[in-house]
Amino acid sequence: MKLRDRKLSQLKLELTGDELCSLGPALELDHCHVVSRCRERMLVVPGLTMRGGSFEQKVQLTNFQFSDAHFQGVRFEGKYVGCDFGDWDSVAQASISDCDFSAAVLDACRFLNCQPETIRFPPWPCFAIFHPHAAASTVASKNWPDELEVVLDTYRDALPACAAIVRDARKLAREQAMPLDALLDLLKSLPGIHLTD
């Protein structure tokens, strides 16, 4: 499926993943429902603008860069791992605002050049770290338990353009061989932590 140079409204788009699915350039979707069964190699979004509606990812999307897409008021569903939303350099290239990820699972996802306070993130056991670069020196100055090493690396590596990082605590708990409740207690002491019930 290749859609470009169009404005579509209130339609359901099925992306099967059997062939390359290209949303753009110059594709505007207003209050549309996108259902994607595409893996990262079969999906491209060169110049997609989505306002309202939903983006439902039926198979895990891994290390995908939404670096040439604009999302405003979109509800996301599905599992996203290592994905970037927005662009490192300019909101003219890509942006995200007022979106709802409460029905999604995110792990190691970054939100770039945006206002994370406008985004509804997944509930616990996912958690977000807002403005991780601002807390890097605070984190580095404290003696944290070894179990938090993976989480703290996100602070040290983040650039100012990274407005939020979202992780799945279940994965961290498995990696650290520790109970989820114990991990939650440690996470609550981190600067910039954002937990949703």
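Residues are numbered from 1 along each chain as its sequence is written, and side-chain values use heavy atoms, with hydrogens and water left out. Because the model is predicted, local features need pLDDT of at least 70 and side-chain atom pairs count only at pLDDT 80 or more, whereas totals for chains, interfaces and linings use all residues.

Helices (H or I, at least four residues) and strands (E, at least two) are DSSP runs, numbered from the N terminus. Strands of a sheet pair through backbone hydrogen bonds, either parallel or antiparallel. Here, two strands pair if DSSP finds at least two bridges between them. An open sheet of 6 strands has the order β11-β14-β17-β19-β18-β20, with mixed pairing. Its edge strands, β11 (65-66) and β20 (193-194), each pair on one side only. Within the sheet, β17 (residues 109-112) and β19 (residues 162-168) are antiparallel partners over 4 bridges; F111 has A164 in β19 as its bridge partner. Helix α3 packs on this sheet and touches β18 (126-130) and β19, where contact means heavy atoms within 4.5 Å. The direction of α3 makes about 60° with that of β19; axes are lines fitted to C-alpha atoms, for helices over the stretch in contact, and angles run from 0 to 180 degrees between N-to-C directions.

In α3 (residues 169-176), the buried residues are A169, L172 and A173. They lie on the same side of α3, because they cover an arc of only 100° around its axis; the arc is that of the directions from the helix axis to the C-beta atoms. Buried means under 20% relative accessible area, exposed over 50%, and partly exposed in between (1.4 Å probe, protein chains only).

**Cysteines**

The whole structure contains 0 disulfides, a disulfide being a pair of cysteine sulfur atoms within 2.5 Å. The sulfur of C99 is too far for a bond, because the closest cysteine sulfur, in C114, is 9.3 Å away. C109 is likewise in no disulfide, with the sulfur of C83 4.8 Å away. C99 is buried at 2% relative accessible area, and C109 is buried at 0%.

**Backbone angles**

| Cis bond | Omega | Loop holding the proline |
|---|---|---|
| G24 to P25 | about 5° | between β4 (21-23) and β5 (27-30) |
| W124 to P125 | near 20° | between β17 and β18 |

Q10, a residue other than glycine, has a positive phi near 55° and is exposed, with a relative accessible area of 65%. H131 has a positive phi of about 45° and is partly exposed at 32%.
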